Amino acid sequence: MFAFLPVALSVYFVCPARWRAHVILGASWLFYGWAQPAFLLLLVGVSAFTYLVSRQMMRAPAPGARFRWLTLGVVVNLGTLLYFKYANFAVSSLNALLGSLHAPALAWTQVLLPIGLSFYTFHAISFLVDLYRGQADPPENFWSFAAFIALFPHLVAGPVLKYHLLAEQFRQREHSFARFSQGAQRFMAGFCKKVLIADMTAPLAVAAYDVPHPLLADAWIGTLAYSVQLFFDFSGYTDMAIGLALMMGFTFPENFRDPYLARSITEFWTRWHISLSSWLREYLYIPLGGNRRGAGRTSLNLFLTMLLGGLWHGAGWGFVLWGAWNGGFLLLERVLKRRLGRPPPPWWYAVPRTMLLVMLGRVFFRSHDFTTSMDVFAALGGLHGGGLSAAFRLELTPERAVVLVLGVLLVYLLPGWRWLQARIGAPGRFLIWAEYGLPPLFLFALALLTVRSYSPFLYFQF
């Protein structure tokens, strides 16, 4: 914020328009290479390979040849993701099986996970598929395409972008002081969400999930804290990405739409991580057949999509179980709606019920392994005893308790405030307060971050 960003933006705005894609690319490669220099070659390699395949695909005279080039590009990109992200998981699972059979384990050197790999391989795949389908025109040159893949606002934390939504913006986009100001405000809001709320509630989740045999109150408060942390952490990063993009004239799609107000798991996945949900639907669910091949095949396609979506989040059986949990409830809601045809339940029942299912499913998502998940579920059921443990009580400081309650209130009161203003046309006092109150709050968050020894990046592993 005090070196890279002001320099990158200054160079971007003083350069002629025809060079701005090059500035974006150079800044993004510098941004990525600063953290992991060795893996910059992988990012450049994926970009160059995908671009060359796209050129061959578009030059192919026959549909069959174009499809073969598409298949090559998708398989190589997926293969790269599978190797770096899932090889360790596959070998450890195989060695566990061999150990149960008293067979010797396979020798294996751990593979390091390049940060942002899941995001930029999905961006490369969407680029190839969009070109094949004719949904977007080919990029003007390699530099424009590579800038799309490496665009630093979303490179390491998303949202997941589809090429056809940004292709035209790389050719022409609006730059104005108003858009830059809007982007700066969005960035500051996201930064405050991450530092002031997500990071403050993180120790409560750690205290519940990283100790053996938590008590009843430990598990419930820790699970609630994790849902607050996850929302404000990821939506905060998304706000920062959207804000940075606006500063450079890009418009990113929204990634969250009040997900904790969802009345069903089906509705939840239209509100949470919208960019990933729509990507999986467009590039996985529909190619599998979608809902075009009967009820049974539709259910299978839906379940597989959620299962693979869970596995995309991380290499572990907990993510697989989390995907299966969500897929199972999506299927259950689909069956009940088709067979019973009852009207949806009232919001005061449907919203808490959905939130409870989301929180319980995240026990698999947050736990280190299956044993930890079962330990937390036992604690949620009161099998380890009630009350707060001494260790958890040390972490539940007054300021963290206040921030946890504030996070919950913001999740449910802000949407109501926005609805009320839209409904009755009330004066925008809240917006005025936000406009003038955000900068000092941002400076406070910045000062707080500088004195902390740890600020977890939840989506690093994804």
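**View 1. Nonpolar surface patch of Leu 94, Leu 97, Leu 101 and Leu 106.** In this predicted model, these four leucines make a nonpolar surface patch of about 380 Å². Patches consist of residues with over 30% relative accessible area and no salt bridge, with like charges joined within 9 Å and nonpolar side chains (Val, Leu, Ile, Met, Phe, Trp, Tyr) within 5 Å. A salt bridge is a side-chain nitrogen of Lys or Arg within 4 Å of a carboxyl oxygen of Asp or Glu. Accessible areas come from the Shrake-Rupley method with a 1.4 Å probe, and for residues only the protein chains shown count as cover. Leu 94 belongs to helix α4 (residues 63-100); helices (H or I, at least four residues) are DSSP runs, numbered from the N terminus. Leu 94 is partly exposed at 36% relative accessibility (buried means under 20% relative accessible area, exposed over 50%, partly exposed in between).

Residues are numbered from 1 along each chain as its sequence is written. Local features need pLDDT of at least 70 and side-chain atom pairs pLDDT 80 or more, while totals for chains, interfaces and linings use all residues; side-chain values use heavy atoms, without hydrogens and water.

**View 2. Gly 341 in the loop between α13 (317-340) and α14 (347-366).** Gly 341 is exposed, with 55% relative accessibility.

**View 3. The aromatic pair Phe 31 and Phe 152.** The whole structure holds 39 aromatic pairs (rings of Phe, Tyr and Trp, the last by its six-membered ring, with centres within 6.5 Å; planes under 30 degrees apart are stacked, over 60 edge-to-face, the rest tilted). The ring centres of Phe 31 and Phe 152 are 5.9 Å apart and the planes meet at 45 degrees, so this pair is tilted. Phe 31 is in helix α2 (residues 20-35) and Phe 152 in the loop between α6 (142-150) and α7 (163-171), so the pair ties together parts 121 residues apart in sequence. Phe 31 is partly exposed at 31%, whereas Phe 152 is buried at 6%.

**View 4. Charges over the rings of Trp 312 and Trp 272.** The charged end of Lys 85 sits over Trp 312, 5.2 Å from the ring centre (NZ of Lys or CZ of Arg within 6 Å of the ring centre and within 35 degrees of the ring normal). Arg 362 lies over the face of Trp 272, 4.5 Å from the ring centre. Trp 272 is also part of an aromatic cluster, with Phe 268 and Trp 269 among its members.

Methods:
Helix = DSSP H or I, 4+ residues; strand = E, 2+ residues; numbered from the N terminus. Buried < 20%, exposed > 50% of the residue type's maximum accessible area, 1.4 Å probe, protein only.
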